[in-house]
Amino acid sequence: MGLKAIKTSLSKNDLAHLGAGEVGYIRKMRSEEVSRCFPEAPEMGPGIDLWALFGADGTPILLTDNRSSTFYKAAEDELRTVSLH
């Protein structure tokens, strides 16, 4: 018994919005990276470990020095979270 292949195609726009409003990802970052993702954040000294919460499409949501805060914010926004390494 053979399996039939199912072909689906997503546009770049569809892929970019996959999980929007439903999924968020948590990422550890260094203070040197902050201005790229959070341009409104105040200037920080180098070498500080921080945690960031992003929407599925990469939209920055929260920057904190406390990992637990990212999970609380995600729960508040009803986002399922994934961690990126």
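Begin by selecting R27, E33 and R36, which a network of salt bridges links in this predicted model.

Next, select D49 and R30. These two residues form a salt bridge, with the closest N and O atoms 2.9 Å apart. Since D49 lies in strand β2 and R30 in strand β1, the pair ties together parts that are 19 residues apart in sequence. D49 counts as partly exposed at 37% relative accessibility, and R30 has the value of 37% too. The count of salt bridges in the model comes to six.

Select Y25, M29, V34, C37, F38, L50, A52 and F54, the eight residues of the largest nonpolar core. Two or more of these residues come from each of β1 (23–30), α2 (34–37) and β2 (49–55). Which element gives the most to this core? The answer is β2, with three residues. In general, nonpolar side chains tend to be buried together in soluble globular proteins.

Stay with F54 and display its surroundings. Leaving aside residues up to four places away in sequence, F54 touches G24, Y25, R27, M29, C37, F38, T59, P60 and I61. A second, separate core has five residues, among them I26, L53, A74 and L79.

Continue along β2 to strand β3 (residues 60–64). The two strands pair in the antiparallel sense over four bridges, and W51 stands opposite T64 in β3. Where β2 and β3 form their hairpin, four residues lie between them, and G58 in the turn has a positive phi of about 95°.

Finally, select helix α3 (residues 67–76). N66 caps the N-terminal end of this helix: a side-chain oxygen of N66 lies 2.9 Å from the backbone nitrogen of S68. Just after α3, E78 takes a positive phi of about 55°.

Notes. Residues are numbered from 1 along each chain as its sequence is written. This is a predicted model: local features need pLDDT of at least 70, side-chain atom pairs count only at pLDDT 80 or more; totals for chains, interfaces and linings use all residues. Side-chain values use heavy atoms; hydrogens and water are left out. A nonpolar core is a set of buried Ala, Val, Leu, Ile, Met, Phe, Trp, Tyr and Cys residues joined through side-chain atoms within 4.5 Å. Buried means under 20% relative accessible area, exposed over 50%, partly exposed in between (1.4 Å probe, protein chains only). Contact means heavy atoms within 4.5 Å. Two strands pair if DSSP finds at least two bridges between them. A polar contact is a pair of N or O atoms within 3.5 Å; within protein, one must be able to donate a hydrogen and the other to accept it, and residues adjacent in sequence count only if both atoms are side-chain atoms. A salt bridge is a side-chain nitrogen of Lys or Arg within 4 Å of a carboxyl oxygen of Asp or Glu.
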